[in-house]
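Trainee: I would like to learn how to read the strands and helices of a model, one feature at a time. Could you take me through them?

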Amino acid sequence: MPSDNSTTISKIKAAADCVALFREFFPDNYRQIGNYLCPWHADGDESLQPNAEFLFCHAEKKSYDVIDLWALANNCGKKAAIDALAKRFHIVSHNGKPRIVKAYDYKDESGTLVFQVCRYEPKDFRQRRPDGNGGWSWRLGNTRRVLYRLPELLAASPEETVLLVEGEKDVETARELGFVATCLPGGAGKAKGLAQKYNIFAFLKGRTVWIIPDNDDAGRKHGMQVAETSFGVAKSVKILHLPGLPEKGDLTNYINEHGAETAKAKILDLASKTPEYRPAKAGPPIISCRKLMESKIEAPRWIIQGLVAEGLTFLVAKPKVGKSWLAQSLALSVARGAKALDTFASVPGKSFNLCLEDNLRRMRDRLGALLDGAEPPDEHLLCCEWPPFDRGGVDLLHKKLDELEGIRLIVIDTWQRFRGRRSRSGEDNYTADYADLKELHGLAAAYGIAILLVHHARKEASDDVVDSILGSTALSGAADTLMILKRKSRSSQEAVLYVSGRDLADAEHALTFEKGIWRYAGDPRELQLTAERREIRGVLRDRGKPMSPTQIGEICMPKKSRTAVHNLLTKMMKDGEVERAAGQSGRYVLPPEDEYYSSPLERDQPNEPVQQGINLTEF
């Protein structure tokens, strides 16, 4: 094949990413932020400006494309570079007439061939129909349009899920996995027209449909059009965005990346966590009070009971307070399957710490203090360098979550360093913050993990601890859980961890910090009580039954008179610390919903979620 073919060169430049290849060939010259060290001249200056399409050297005032880059890295000429790049990116150059490499038959309900979609090399598609004389007509005209593999779809049980993908190649791939699969003729963007003219979605009536779009703007738009058009015809519709796909990637790429069995398991898991599609015009789902009360709803899936659940959690504190120590301690507890702060039960699994403001030496010293001689867990993973959010940081997280199975918790320390400098024309801070956090929210939901974002607090004091979070109110609004750490003073070893979230009651936890280790000290409100009041409450809790002042005094205050004990109990009752026992005059108990002692944190194990949720499509 001629290596200087202009079509081949154009396709190579469209397929290749200069930045990715540069990082592969010249990792020592790569810089996360700013320009790169130029390998074309060894002057030690960071003069090479990165770009996906080309690299521009400010020192030489010269641009280098991907062919130049390959030739330099492999010490070869441009002809050899073009041949190698064409092979790497599966690009076939051609001489003369394109050729058909695959013909896909579209048949009607009876199995009669209606038309074909022909795939050409170089990549192109054309449709043709039998002309009735043993030949082909390349004009479909008013030929009826049907779904691909329609006879197999109709023969399948109505209970089987149908995968609706973008192209015939992906249909064949899905069928090899054991799925019932189909696609629309003509590629992306045809859904509404096919529905209006040929009622093509009638074949999906009463079916469960999972739409898997290609990973590009056209694919995502197509997936949404298919969902809008099939909604109300199919029994239920979900759009599954496969995590970690490269740009323009599809189902076949996903299966080639993970292998058939793993990919199928991941698709099924993703579908179980993806909500059913509902168009905006359908309005919000409505459910009756009775149905709601009779339904089983999933409880929050805790990673660390009462502190960190699946989803998005912020850990906020002022600089140099010890929030990185606390985040590292929480991650270690997950990796070791131990109780966090020796109190809060955790689900064992891998934890992944992005320590973006530290280095490996500092991490080793910190972990040495936290482990205190214990065996270092292989399940605790660390990285001190990571591309920022807008330079592939989230895509790389997708990829690593696919590679490193079993991750339960990701710690990003800090959010500001990971987010980088975001600039979105025409967007205010709230809109930009919310959009970024929504993307991380989707990542956490897709993999069923918790993401803990370490973030800074404002310098200004605030009566409401939530208002102390630095940045727009989108940060507190988008998070599932907020943890705000406040030390009494810079030199104090005592602190309070305020916890607030969508699925748990607000709580406060007293902590102590000594030699880099945070420990749970109890409820701060309880610690503020006098020793006598704490002892009385402890006795009532231990006995678990109503007690008289005399009985309490004999245990707690043997040297005090009954009157003194009675007076203290009266004050405690006014403060809500005890109450009179119902129907038993002169006896006291703890309040039935004692905010001091009743807490989800006292459970030994994280709660197991209820597996059955509400199907809102019934209403």
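Mentor: Two strands pair if DSSP finds at least two bridges between them, and strands (E, at least two residues) and helices (H or I, at least four) are DSSP runs numbered from the N terminus. This is a predicted model, in which local features need pLDDT of at least 70, side-chain atom pairs count only at pLDDT 80 or more, and totals for chains, interfaces and linings use all residues. Residues are numbered from 1 along each chain as its sequence is written, and side-chain values use heavy atoms, with hydrogens and water left out.

Trainee: In what order do the strands of the open sheet of 4 strands lie?

Mentor: Strands of a sheet pair through backbone hydrogen bonds, either parallel or antiparallel. Here the order is E4-E5-E6-E7, with antiparallel pairing. Strand E4 (99-107) and strand E7 (136-137) each have a single partner strand, so one side of each lacks a neighbour in the sheet. Strand E6 (residues 124-130) is joined to E7 by 2 bridges, and Arg129 stands opposite Ser137 in E7.

Trainee: At what angle do the axes of helix H3 and helix H4 cross?

Mentor: Axes are lines fitted to C-alpha atoms, for helices over the stretch in contact, and angles run from 0 to 180 degrees between N-to-C directions. The axes of H3 (residues 66-74) and H4 (residues 78-88) cross at roughly 105 degrees and come within 9 Å. That makes H3 roughly perpendicular to H4, a term for angles of 65 to 115 degrees.

Terms used. Angles under 35 degrees count as roughly parallel, over 145 as roughly antiparallel, 65 to 115 as roughly perpendicular and the rest as oblique.
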